[in-house]
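Here is a friendly walk through one model, meant to be read with the coordinates open beside you. Have a look at the structure first, and then we can go through it together.

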Amino acid sequence: MTRLICVTGGKGGTGKTTVASNLGAALQEFGRDTIVLDANLTNPNLGFHLGIPLYPNTLHDVLKGDSHITEATYIHDSGLRVVPAGLSIEDLADTDPDNLPDALLDTVGDPEFVLVDSAAGLGNESISAIEACDEVVVVTNPNLPAVTDALKTVNIAEESGTDVTGVVVNKIQNREDELDADEIESMLGHGVLAEIPDDPAVRESLSVKKPVIHHEPDHHVSERFKGVAANMAGLQYEPDLSGPGLLDRIRERIGDL
Ligand SMILES: Nc1ncnc2c1ncn2[C@@H]1O[C@H](COP(=O)(O)OP(=O)(O)OP(=O)(O)O)[C@@H](O)[C@H]1O
Ligand SMILES: [Mg+2]
């Protein structure tokens, strides 16, 4: 049975699209048939994270009733299926996020996982995405404003009857003023699935339009994403966190000069 999972979190820029694209890529690598869908209708950018070229049919066309979701599904080199959203302002006209549940139901019975990359905030488009899914993965950063926004998302999910699978704490810088995993768990009432450091490898991978798990598969950040994906897929997987860290990468660069 298909699991519809919304990757959401309230605050903008916490790393929702990064998490959705990497979990999707990791699930596919584990042999789980997966679709990642860009439900960020106003500011879509999943296509940039995955290197998807401009595509004639998008989720906007599906929500307008002009295309079936299968016509708007792009197959990435890795086998991961991706439903991009339209990038132009015109695409927004006549697009009704309330049609998202029907569009998603059209994929049911097909892939094992559909990951829905949600917009920031708690407007109609993100609430529709939460309501349309069976589960949410909440992405937050270790600071009070981000976790407070994440709590609103958790409350909406609980009110909608959508399960909260857990929390990904992203962009950890190990600063003293950051909230730790225990504090975040007690504020949100749900477990932390992974703690992902703030690492230049993630920004670099976006600049080459690849998920970090494809760009630097052995990096400890990639391993952490694979750990979450394995957990979601019910697989035994021990992330290998011994991969190159920042200092090793600086040494490599100096060696290249
Ligand atoms: N762990 C990380 N380390 C370093 N940079 C990161 C990390 N996670 C995300 N980023 C960077 O932060 C920026 C925002 O990430 P992303 O687009 O995934 O956030 P988002 O929550 O989807 O944003 P939006 O709310 O606009 O949709 C990107 O430049 C991304 O490369
Ligand atoms: Mg995003």
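How many residues does helix 1 have, and how far does helix 1 reach from its first C-alpha to its last? In this predicted model, helix 1 has 14 residues and spans 20 Å between those two atoms, close to the 20 Å expected at 1.5 Å a residue. Of its 14 residues, 13 are buried, and helix 1 is thus described as mostly covered. After helix 1 comes Gly31, with a positive phi near 85°.

**Around the ligand**

The shell around ligand 1 holds 18 residues, and the closest are Gly12, Gly15, Thr17, Thr18 and Ala120. By class, the shell around ligand 1 has 4 nonpolar, 9 polar and 5 charged residues.

**Two helix pairs**

Two helix contacts can be set side by side. One joins helix 1 to helix 10 (residues 220–233), and the other joins helix 6 (residues 144–160) to helix 7.

| Helix pair | Axes | Angle |
|---|---|---|
| Helix 1 and helix 10 | within 9 Å | roughly 65° |
| Helix 6 and helix 7 | 9 Å apart | about 40° |

The crossing of helix 1 and helix 10 is right-handed. On the helix 1 side, Asn22, Leu23, Ala26 and Leu27 take part, and they meet Phe225, Lys226, Val228, Ala229, Met232 and Ala233 of helix 10. The residues of this contact comprise 8 nonpolar, 1 polar and 1 charged.

Helix 6 likewise passes helix 7 in a right-handed crossing. Here Val147, Ala150, Leu151 and Val154 of helix 6 make the contact with Ile184, Met187 and Leu188 of helix 7. What classes of residue does the contact of helix 6 with helix 7 have? There are 7 nonpolar residues, with no polar and no charged ones.

**Positive phi values**

Now for some backbone angles. Most residues other than glycine have a negative phi. Lys171 has a phi near 65°, a positive value in a residue other than glycine. Asn174 is not a glycine either, and its phi is positive at about 60°.

Where do these two residues sit? Lys171 lies in strand 7, while Asn174 is in the loop between strand 7 and helix 7 (181–188). Is Lys171 buried or exposed? Lys171 counts as buried because it has 20 C-beta neighbours inside 10 Å, and 20 or more are needed for that label. Asn174 is exposed, as it has 10 other C-beta atoms within 10 Å, and the label applies at 12 or fewer.

**Pro197 in strand 8**

The last stop is Pro197, which is placed in strand 8 (residues 192–197). With 17 other C-beta atoms within 10 Å, Pro197 is partly exposed. Which residues is Pro197 in contact with, leaving aside its neighbours within four places in sequence? They are Ile172 and Val221. Pro197 and Asp240 are 43 residues apart along the chain, and their C-alpha atoms are separated by 15 Å.

Notes:
Residues numbered from 1 in each chain as written. Chains lettered and ligands numbered in written order. Predicted model: local features only at pLDDT ≥ 70, side-chain atom pairs only at ≥ 80, totals over all residues. Near = placed C-beta within 6 Å. Nonpolar A, V, L, I, M, F, W, Y, C, P; charged D, E, K, R; others polar. Axes fitted to C-alpha atoms, helices over the stretch in contact; angles between N-to-C directions. Helix = DSSP H or I, 4+ residues; strand = E, 2+ residues; numbered from the N terminus. Left-handed = near helix turned anticlockwise from the far one by under 90°. Contact = placed C-beta atoms within 7 Å. Expected span 1.5 Å × (residues − 1).
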